[in-house]
Amino acid sequence: MSIAGKLISAAVAAGAAVAVGYGLKKLESKVQSTLQNEGADAPEKEVIGTANPHIRLKKSGTNDWSYVVRNKGIIKESENSHTNDVRQFHFVPLKDGGTELEFDYKPKGKETSTHTITYNIEVKDGKIIRCDAAGDLEMIQKE
């Protein structure tokens, strides 16, 4: 192959590499702009219903429930009552956001709990839309 042929072959190869690189750069910028636009145009999810903010937990004797709020200011307790075998808590929303309530069931005079239930609560548009429980679910009193 002559020198002219080698130069033409090298020029074509270099041109193809530059073109592919340019095409990839343009494709990346197009993908980035599309992803940014999709996030901005995504419709906000509609709140369809509300969750039950009444929490009823089984108890017996002098054992009782206490709780800790992880993210204060989202909800507040509006009722805390009990019978011999059920402790009832009712919460109302204060502002939008998420919080966690950790309930501990302790025998009177003991430091450690025998049961723990964690509730994740979410408030949106002034309504409690999620109230999920995890932990010792057998201690939840069904209504």
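K59 is buried (under 20% relative accessible area, with exposed meaning over 50% and partly exposed in between, for a 1.4 Å probe and protein chains only) yet takes part in no salt bridge, a salt bridge being a side-chain nitrogen of Lys or Arg within 4 Å of a carboxyl oxygen of Asp or Glu. The nearest side chain of opposite charge, that of D64, is 4.6 Å away from K59; in this assignment Lys and Arg count as positive and Asp and Glu as negative, while His and the chain ends are not counted. The model is a predicted one, in which local features need pLDDT of at least 70 and side-chain atom pairs count only at pLDDT 80 or more, whereas totals for chains, interfaces and linings use all residues. Residues are numbered from 1 along each chain as its sequence is written, and side-chain values use heavy atoms, with hydrogens and water left out.

K59 is located in the loop between β1 (54-58) and β2, where strands (E, at least two residues) and helices (H or I, at least four) are DSSP runs numbered from the N terminus. When its neighbours within four places in sequence are left aside, K59 is in contact (heavy atoms within 4.5 Å) with D64, W65, H82, T83, N84, D85, V86, R87 and Y105.

Two of these contact residues of K59, D64 and R87, are themselves paired in a salt bridge, with the closest N and O atoms 2.4 Å apart. This pair links distant parts of the chain, since D64 belongs to strand β2 (residues 64-69) and R87 to strand β4 (residues 86-93), 23 residues apart. D64 is partly exposed, at a relative accessible area of 24%, whereas R87 is buried at 10% relative accessibility.

In total, the structure holds 5 salt bridges. Another of them joins R70 to E102, for which the closest N and O atoms are 2.9 Å apart. R70 lies in the loop between β2 and β3 (75-82) and E102 in strand β5 (residues 97-106), so that the pair ties together parts 32 residues apart in sequence. Both partners are partly exposed, R70 at 46% relative accessibility and E102 at 23%. Together with E100, R70 and E102 are linked in a network of salt bridges.

A further salt bridge is formed between the side chains of R130 and E122, at an N to O distance of 3.7 Å. Here R130 is partly exposed, with a relative accessibility of 32%, and E122 is likewise partly exposed, at 30%.
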